[in-house]
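I went through spaces, helix contacts and backbone angles in turn.

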Amino acid sequence: MHSRLKIILGILGTGAVLVLALVLFLYYMITKSFPTESGMIRVEGIHAETKVYRDAFGVPHVLAGSEHDAYFAVGFLHAQDRLWQLELVRRAGQGKLAEVLGERALVIDKMFRTIGVWHQAQRLSGELDDTTRAALQAYADGVSTFIADNRGKYPVEFDLLKIDPEPWTVEHSVLVSRLMAWELNYSRWVDIVLGELVERFGVEKAAEIFPSWPDDAIVIVPDALRGKRTASMGLDLLKADQAYRNLLGSGGFQSGSNAWAISGSKSATGKPILANDPHLLFAVPARWYDLQVSAPGLDVAGASIVGTPFVVIGRNRSLAWGVTNAMMDDQDFYVEEVDSIQHPSRYRFNNTWRPVEQRIDTILVKDGRPVLMSTYRTHRGPIINRLEESARFSRNLLSMRWTGHEISHELRTFYLINRAANWQEFRGALRYFGGPAQNFVYADTNGTIGYSTAGKLPIRKAKTHTLPFPGWTDEFDWKGFVPFEQMPQRTNPPEGFVATANNKIVSDSYPHYISNLWEPPWRITRITELLRSKPQFSLEDMERMQFDLLSPHAREVVPILLRAFEGEHVEDADVRTALVYFRNWNFEMGEGDVSTTLFQSFFSTMIRNTFEDEMGKELLALYDTLSSMPLSVMTNLMHKGTSPWFDNAATPQVESMNDIIHLSLHQAIAALRQTLGGELKEWQWGRLHAVEFRHVFGANEFLRPVFNRGPYPIGGSHSTINNGNFSLGRPFLNNVGPSTRQIFDLSDVNNGRSVSPPGQSGQVFHRHYDDQLQLWREGNYRRWVMDPDLMGQSGYDLLLLLPRP
């Protein structure tokens with residue numbers, strides 16, 4: 001018995017030791033890459049002592065003696081906190097994801113090799129001015145120094161994939177700016193999807209579900225292309241783009257942002273206040289990296305994009321700025337006539353033959369064979385319908401022209417903005433900006449507020465939607481770009497504020513075509529209502545505005561829904577209760593609200609019942625990728641009251657709008673009963689509507705709870721200032737929304753507000769991986785402090801970066 005007990009105790013002791021060893025090993029593997037945030041680090045490449053203060057949320061404040069050391073430190077810090085993110089974005093742009101992620105990423109690599117963003121980045125790098133290049137080189141040196149000094153201590157993602165990061169280069173930073181341009185470009189989706197609708201249903205019927213339809217729009221389907229189903233040739237590109245967005249956390253194009261500035265006369269501080277919250281795909285790590293960068297001639301704070309050293313949204317000692325997507329149509333497609341479909345070497349243009357540029361690429365695939373791929377280009381840009389083998393026998397080739405393939409210098413723009421002292425210098429910096437076209441909102445300490453559109457705006461033949469054009473003539477080629485001086489701008493308006501929410505920029509009297517697809521007016525309507533609601537506003541008012549949950553869309557649609565039931569006897573008790581909720585609703589879409597659940601379920605069902613019988617699930621899913629287009633089109637049809645789209649093609653009778661409204665509300669409530677159960681009063685919006693921040697590794701169900709954050713209940717919708725976007729394909733998962741909230745008080749550099757979810761660190765289990773999520777969900781903020789004395793008084797961590805002897 002005694003010996004048995006000894007054996008048992010020995011086994012238990014050995015097991016305990018093994019468990020402890022395993023725990024310690026896992027702890028080491030997870031924490032070995034955690035950054036040093038205080039103390040001293042000696043590094044090769046920095047010229048003099050550089051101070052890095054970090055606040056309670058890990059946000060760094062870089063105080064350097066030279067511009068070189070400041071940008072070197074930014075690169076070093078980005079690598080400390082976001083090395084995996086740097087690796088991911090570099091591989092995506094170069095078309096090298098399949099090397100580490102395998103077959104599922106192959107279509108993404110094919111897309112980016114075809115588009116050629118890496119080749120464009122290399123080309124643009126050769127065009128950089130010396131000053132910007134020096135800043136980018138210092139940044140690249142900072143990243144690369146961290147990589148070299150920390151071999152064997154990289155984040156856990158590198159261990160799981162069994163790879164090491166590559167040194168960073170100037171070209172990689174330019175690549176990041178072009179990838180952002182690709183992500184925020186929407187016009188390829190519009191051209192291809194709307195072209196498919198025209199080809200499927202004809203011009204007259206398709207016109208009803210376009211966002212707008214100018215009088216001359218019929219010319220967009222030239223006689224030479226009628227009946228040829230040319231738009232469908234671009235569907236493989238959209239599917240590849242969806243795969244890329246799924247990797248980031250969403251499918252399709254969903255974008256938007258809010259930005260406004262109020263003048264000193266409307267501000268309780270006596271100086272302007274600027275607020276900005278760009279709406280992007282939610283992801284882990286966070287989309288933005290907050291920081292302050294200070295050196296002689298430079299003192300700027302705000303949100304940077306990992307991979308580049310400059311502040312993109314922020315303020316300096318003189319001014320502040322924010323951005324929203326201009327929704328510009330900056331891309332066109334052309335059907336090319338070639339001498340051979342399988343091996344094209346020439347294409348016809350203006351009755352002559354031109355050579356097709358060909359490039360052969362090899363894509364390495366993890367656990368698979370290398371893939372050889374030929375890409376082709378015309379003078380307009382790449383041939384985009386050769387991503388898949390099946391396309392080799394397509395009867396036509398489709399080329400793409402995109403402003404992202406033009407020479408422009410966005411990084412130069414932000415280098416200059418970070419140092420600008422007034423409106424004139426700010427506008428001068430915008431001249432270098434090409435894409436993605438943005439609305440810039442501005443405010444300065446002298447009291448000026450302003451708005452300016454920046455980006456390359458093509459000059460086209462007509463002011464209309466641009467579906468695929470005949471490529472064998474120059475009739476539909478761009479005729480240059482609108483001069484910067486003619487781009488929309490405004491300063492110091494009499495109403496005392498400027499605001500943008502991806503809404504229409506100018507009236508139809510503007511001489512150039514910008515776009516026909518804007519975000520619906522609901523967010524800008526609410527922003528304008530609030531900014532006109534009282535004479536002055538505090539920073540706390542700005543905070544409440546960014547978290548506002550009232551829906552002008554619901555306020556617009558609910559009366560139509562209620563009229564459809566006037567005089568009707570409703571037998572279903574839950575439907576009767578739902579109508580009572582609608583009659584008494586204040587249109588606030590909080591996570592605890594029941595009316596929101598009923599409305600959103602009804603409206604999503606209404607869209608499917610109106611369109612799916614004729615579009616089919618696949619085309620409706622593509623239509624749903626066009627940001628808020630199905631919502632705005634459905635709303636317009638309901639205002640109109642009659643449309644052939646309301647008739648269900650699968651039934652012998654002809655349905656009216658009221659028939660579809662009745663059917664949709666009944667079906668929505670039946671679905672909610674099945675999904676949520678219990679009593680109707682318990683159907684709070686947050687039980688359906690949830691937000692999740694997704695990591696690339698979150699696609700693995702075992703790793704999802706480790707790397708992802710959420711889902712968490714959340715309020716809002718497409719139409720609220722506090723945006724809570726979701727797609728019909730994944731109701732009601734909120735995958736797009738405020739990726740950061742920034743508020744800048746031009747009266748005090750130490751009184752700014754910021755929150756960038758989920759957190760500053762990209763390293764899972766680090767305390768700053770998700771410590772801003774709760775702030776963000778509750779509408780709270782961290783405080784921006786720019787004066788070094790206050791950093792010391794506030795107990796910030798201090799790290800000294802010193803030259804290595």
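How much space lies in the second largest cavity? I read off about 330 Å³.

Before going on, I note that this is a predicted model, in which local features need pLDDT of at least 70, side-chain atom pairs count only at pLDDT 80 or more, and totals for chains, interfaces and linings use all residues. Residues are numbered from 1 along each chain as its sequence is written, and side-chain values use heavy atoms, with hydrogens and water left out.

**Cavities**

On a 1 Å grid over the protein atoms alone, a cavity is a set of points where a 1.4 Å probe fits but cannot get out, and lining residues have an atom within 4 Å of a point. Points are joined across faces, edges and corners, and a volume is the space filled by probe spheres set on them. By this rule I get 11 cavities of 30 Å³ or more.

I then took the lining of the second largest cavity. It has 25 residues, and the closest to the centre are Met180, Leu184, Ile305, Val312 and Phe414. The elements giving two or more residues to this lining are α8 (170–184), β4 (256–262), β5 (273–281), β9 (319–325) and α12 (410–417). Helices (H or I, at least four residues) and strands (E, at least two) are DSSP runs, numbered from the N terminus. α8 gives the most, with 4 residues. By class I find 14 nonpolar, 10 polar and 1 charged; here Ala, Val, Leu, Ile, Met, Phe, Trp, Tyr, Cys and Pro count as nonpolar, Asp, Glu, Lys and Arg as charged, and the others, Gly among them, as polar.

**A pocket**

A pocket is an open set with protein on both sides within 12 Å along at least five of seven lines. The second largest pocket has a volume of about 370 Å³. Of its 17 lining residues, Tyr451, Arg490, Ala499, Asn503 and Ile505 lie nearest the centre. β20 (497–500) is among the elements that each supply at least two residues, and its share, 4 residues, is the largest. The lining of this pocket divides into 8 nonpolar, 5 polar and 4 charged residues.

**Helix α19 and its partners**

At what angle do α18 and α19 cross? The axes of α18 (residues 594–624) and α19 (residues 629–640) come within 11 Å and cross at roughly 125°. Axes are lines fitted to C-alpha atoms, for helices over the stretch in contact, with angles from 0 to 180 degrees between N-to-C directions. The two helices are therefore oblique to each other. Contact means heavy atoms within 4.5 Å; Phe602, Phe603 and Met606 are among the α18 residues that meet α19, where the partners include Met629 and Pro630. This contact has 13 nonpolar, 2 polar and 1 charged residues.

The axes of α16 (residues 552–564) and α19 come within 10 Å and cross at roughly 35°. His553, Glu556, Val557 and Ile560 in α16 meet Leu631, Thr635, Met638 and His639 in α19.

**Backbone angles**

Most residues other than glycine have a negative phi, and most peptide bonds are trans. I noted the bond from Gly710 to Pro711 as cis, with omega near 5°; Pro711 lies in strand β22 (residues 709–713). The bond from Pro731 to Phe732 is also cis, with omega near 0°. Lys162 has a positive phi, near 60°, and lies in the loop between α7 (156–161) and α8.

Key
Angles under 35 degrees count as roughly parallel, over 145 as roughly antiparallel, 65 to 115 as roughly perpendicular and the rest as oblique.
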